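Subject: Structure for you to look at

Hello,

Here is the structure I promised to pass on. Please open it first, then read my notes beside it.

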Amino acid sequence: MLALDAGNTKTDAAVIAADGTLLAGARGGGFRPQAVGTEAAVDVLQGIVERALADAGRPTVAGVTACLANADLPQEEVALRDALAERGWGARTEVANDTFAILRAGLDDDGRPPQGVAVVCGAGINCAGQRADGTVHRFAALGALSGDWGGGGGLADSAIWHAARAEDGRGADTELARALPAHYGLTTMAELIAAFHLGALGAGRRHEATPVLFDVAARGDRIARGIVLRQVEELVALVTVTLERLELGGVPTPVLLGGSVVAARHPLLHDALLERLAERAPHAAVRVVTAPPVLGAGLLALDAAGAGTAALGRLRAAYEDTASGGTASGNAVAGAGVGSGA
């Protein structure tokens with residue numbers, strides 16, 4: 001079987017045998033159908049899939065499970081499933097939003113129906129939950145259009161916004177006004193704004209403002225701390241609303257935190273998030289998922305094939321082994337507190 005996790009900035013593919021053996025993996029660029037069109041975005045996946053299948057010896061693929069960023073609305077999932085199925089990678093194709101890869105990667109492999117909430121804060125922000133009876137709650141996750149705020153991109157934009165206003169006098173002073181230009185080798189925010197506007201700095205470099213934000217916040221800057229703490233409140237709102245809509249607020253429920261921003265465990269964000277979740281969702285069992293989300297896609301593929309716990313454990317172990325120099329990449333879950341077919 002073939003598992004795909006495609007995010008805004010990178011895509012991972014894994015070819016997995018029916019017994020859970022990881023046969024091959026490949027990584028490539030991000031998946032952005034809204035920006036480049038569906039066919040061009042799937043072309044990116046095609047190259048990654050071809051490399052993974054070639055490395056695995058081109059086995060017969062029974063099924064494709066793809067967890068994709070930008071598969072946010074039901075009609076988008078259908079369109080993307082059809083586009084992937086047309087490539088003929090496997091006999092069966094299933095598509096889900098990439099948040100569900102985080103959810104599955106963070107849940108136990110005990111054979112029980114999946115129940116939990118996954119909140120992702122990486123380049124963007126999203127949240128989804130599932131009850132054991134199959135009921136799902138999720139958000140549209142279309143950015144400001146659907147009421148979202150934050151993620152690495154949102155944090156970077158907010159840091160730049162506050163820094164610009166601090167320098168030109170419209171806002172309160174913040175060390176961001178000096179730290180951000182310095183990071184890019186410039187002297188003032190005016191220079192930095194011009195560099196982005198005129199293209200001297202590519203738009204893709206704006207995300208570099210996010211670690212600068214966390215560094216400045218850690219030094220006690222009031223504005224920077226306020227931005228980080230706003231992100232905490234957004235994450236807490238996503239989790240608590242999902243628990244309420246699924247009627248899981250009073251039930252011990254795994255809450256899985258994934259994505260590069262939360263997985264970095266910046267002390268201010270991480271500690272405040274755990275504290276607020278303890279207050280607002282006292283029955284939540286919070287875990288940080290540090291495994292690559294493609295593990296979750298692979299586990300979903302094995303689930304769909306009716307694989308047993310031994311196969312699930314074998315695949316998970318392949319990714320855990322990477323932490324000590326194995327062939328995949330990533331670690332599994334941190335508490336807060338070879339076959340002929342594939």
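Are Tyr184 and Phe196 buried or exposed? Tyr184 is buried, and Phe196 is buried too. Buried means under 20% relative accessible area, exposed means over 50%, and partly exposed is in between (1.4 Å probe, protein chains only).

Some ground rules before the rest. This is a predicted model, in which local features need pLDDT of at least 70 and side-chain atom pairs count only at pLDDT 80 or more, while totals for chains, interfaces and linings use all residues. Residues are numbered from 1 along each chain as its sequence is written, and side-chain values use heavy atoms, with hydrogens and water left out.

**The whole chain**

The protein chain has 13 helices and eleven strands. Helices (H or I, at least four residues) and strands (E, at least two) are DSSP runs, numbered from the N terminus. The C-alpha trace spans about 65 × 50 × 40 Å along its principal axes.

What radius of gyration does the protein chain have? The value is 21 Å. A compact globule of 342 residues would have one near 20 Å, so the two agree. The radius is taken over C-alpha atoms, and the globule rule is 2.2 Å times the number of residues to the power 0.38.

Of the 342 residues, 49% count as buried. The chain exposes about 14,600 Å². Carbon and sulfur atoms supply 53% of that area. Accessible areas come from the Shrake-Rupley method with a 1.4 Å probe; for residues, only the protein chains shown count as cover.

Now the charges. There are 28 positive and 38 negative ones, and their mean positions are 2 Å apart. Lys and Arg count as positive, Asp and Glu as negative; His and the chain ends are not counted. The place of a charge is NZ of Lys, CZ of Arg, CG of Asp or CD of Glu.

**The aromatic pair**

Back to the two residues from the start. A search of the whole structure finds one aromatic pair. Tyr184 and Phe196 form this pair, which is edge-to-face, with 5.5 Å from centre to centre and 80° between the planes. The pair links distant parts of the chain, twelve residues apart. Tyr184 is in the loop between α6 (176-183) and α7 (189-198), and Phe196 is in helix α7. Rings of Phe, Tyr and Trp (its six-membered ring) pair if their centres lie within 6.5 Å; planes under 30 degrees apart count as stacked, over 60 as edge-to-face and the rest as tilted.

Thr187 lies in that loop between α6 and α7 as well. Thr187 is exposed, at 62% relative accessible area. From Thr187 to Gly143 is 31 Å, C-alpha to C-alpha, and 44 residues in sequence.

**Helix α8**

Why is helix α8 (residues 209-218) described as largely enclosed by the rest of the structure? Because seven of its ten residues are buried. These are Ala209, Thr210, Val212, Leu213, Phe214, Val216 and Ala217. Their cover includes α5 (151-168), α6, α9 (222-245), α10 (260-263) and α11 (267-280). Here, contact means heavy atoms within 4.5 Å.

Take Val216 in this helix. Its relative accessibility is 1%, so Val216 counts as buried. Leaving out residues up to four places away in sequence, Val216 touches Glu175, Leu176, Ala179, Asp221 and Ala224. After α8 comes Gly220, with a positive phi near 95°.

Most residues other than glycine have a negative phi. Arg58 is not a glycine, yet its phi is positive, about 50°. Arg58 is in the loop between α2 (38-55) and β4 (63-68). Ala141 is not a glycine either, and its phi is positive at about 55°. Ala141 lies in the loop between β8 (136-138) and α5. Ala141 is buried, at 17% relative accessible area.

Glu77 is in helix α3 (residues 74-85). Glu77 is buried, at 18% relative accessible area. Among its contacts beyond four places in sequence are Val95 and Arg138.

Thr93 is in strand β5 (residues 92-97). At 11% relative accessibility, Thr93 is buried. Beyond four places in sequence, Thr93 touches Val64, Arg81, Leu84 and Ala85.

Best wishes
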